Amino acid sequence: MLSVVLLVGMGDEATREAFEWAIGCTDAVMAGSVVARLANDMTSFKNGKNKKDVASSVDSYINQYHVTGDVAFAVLDNMVEDAWKTTNQARFDRRAMLPLVERVARMTKSMVFTYHHKKDRYTFSRLNKDRVKQQFVDPIPL
């Protein structure tokens, strides 16, 4: 759904074909979803769960393959890496729709910002203050 919303307001670039591409859950759209879901699950697993939380992808992997959390993290990190490759490949495969593909890719990048260093800046938005300050206010040390 978010990929469709990203196309709103793009004017003539957001053609019927573009909306069908986003709605069709193409490789790039699915890859963005994988990055978001796994980043969120790994962060919440590291930071602890609430009693009523359902099993995350980390929990499921641990239970299904009888491995440690570290092994599950390594496998899921590889899945995120593969999803990034898929997102980047879409930039080459869909050159005619590059502005639209770029929006999906940027949304995927924002998930890295949101869950960087396994900190949940989505749920705990107060953590964004330091991150934004670091990115846009503080000078880069030389």
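**Salt bridges in a predicted model**

The whole structure holds five salt bridges, a salt bridge being a side-chain nitrogen of Lys or Arg within 4 Å of a carboxyl oxygen of Asp or Glu. This is a predicted model, in which local features need pLDDT of at least 70 and side-chain atom pairs count only at pLDDT 80 or more, while totals for chains, interfaces and linings use all residues. Residues are numbered from 1 along each chain as its sequence is written, and side-chain values use heavy atoms, with hydrogens and water left out.

**Within helix H2**
- Arg16 and Glu20 form a salt bridge, with their closest N and O atoms 3.2 Å apart.
- Both residues belong to helix H2 (residues 16–23), and because they are four residues apart, about one helical turn separates them. Helices (H or I, at least four residues) are DSSP runs, numbered from the N terminus.
- Glu20 is partly exposed at 47% relative accessibility, whereas Arg16 is exposed at 68%. Buried means under 20% relative accessible area, exposed over 50%, and partly exposed in between (1.4 Å probe, protein chains only).

**Between distant parts of the chain**
- Glu17 and Arg94 meet in a salt bridge, at 3.8 Å from N to O.
- This pair is 77 residues apart: Glu17 sits in helix H2, and Arg94 in the loop between helix H5 (69–93) and helix H6 (98–114).
- Arg94 is partly exposed at 30% relative accessibility, and Glu17 is partly exposed at 48%.

**Between helices H5 and H6**
- Arg91 and Glu102 form a salt bridge of 2.9 Å, N to O.
- Arg91 lies in helix H5 and Glu102 in helix H6, so the pair ties together parts 11 residues apart in sequence.
- Both Arg91 and Glu102 are buried.
- A network of salt bridges links Arg91, Glu102 and Arg106.

Notes: Helices (H or I, at least four residues) and strands (E, at least two) are DSSP runs, numbered from the N terminus.
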